[in-house]
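Please look over the sequence and the model below before reading on. The paragraphs that follow go from the fold to the core and then to the pocket.

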Amino acid sequence: AARAGAAHVDAVEMNDVLAATAAATLSSSGVGSFTVHHCVSTELAVGGGGGGGGGAGRGGARCLAAPADLLVSETLDTSLIGEGALHSLRHAAQHLCRRGAQVIPAAAT
């Protein structure tokens, strides 16, 4: 997203180690403006408090500054419904993304 011109990147990861790894990777990759939200995505909302700076950690911002233009998810498994993917993706599409946002993956068979 940053390489494609995103002004800010929001990442969501509930696992402690992976959230810290995501923050370190974004920082070392030169992504200027990012937030790693250390929580489950259904704990997020749009408005107030989100955005700006980089880093990870529970207790940080629980809001996105603006609706997302792009949603990329890796929560799909071989059965397509593991890890609460349907609930999480539905919540993100309805509450965290702007209307018409691109979703990757967009479909599965």
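Helices (H or I, at least four residues) and strands (E, at least two) are taken as DSSP runs and numbered from the N terminus. On that basis the protein has 2 helices and 6 strands, arranged along the sequence as β-α-β-β-β-β-α-β. The model is predicted, so local features need pLDDT of at least 70 and side-chain atom pairs count only at pLDDT 80 or more, while totals for chains, interfaces and linings use all residues. Residues are numbered from 1 along each chain as its sequence is written, and side-chain values use heavy atoms, with hydrogens and water left out.

Of the 109 residues, 26% are buried (under 20% relative accessible area with a 1.4 Å probe, protein chains only). A nonpolar core is a set of buried Ala, Val, Leu, Ile, Met, Phe, Trp, Tyr and Cys residues joined through side-chain atoms within 4.5 Å. The largest has 9 residues, among them Cys39, Leu64, Leu71 and Leu96. Two or more of its residues come from each of β5, α2 and β6 (97–104). A second, separate core of 7 residues includes Val9, Ala19, Leu26 and Val36.

Where is the open space? A pocket is an open set of points on a 1 Å grid over the protein atoms alone, where a 1.4 Å probe fits, with protein on both sides within 12 Å along at least five of seven lines; lining residues have an atom within 4 Å of a point. The largest pocket is lined by 42 residues, and Asp10, Ala11, Val12, Leu71 and Val72 lie nearest its centre. Elements that each supply at least two lining residues are β1 (9–12), α1 (16–28), β5 (68–72) and α2 (85–96).

Methods
Buried means under 20% relative accessible area, exposed over 50%, partly exposed in between (1.4 Å probe, protein chains only).
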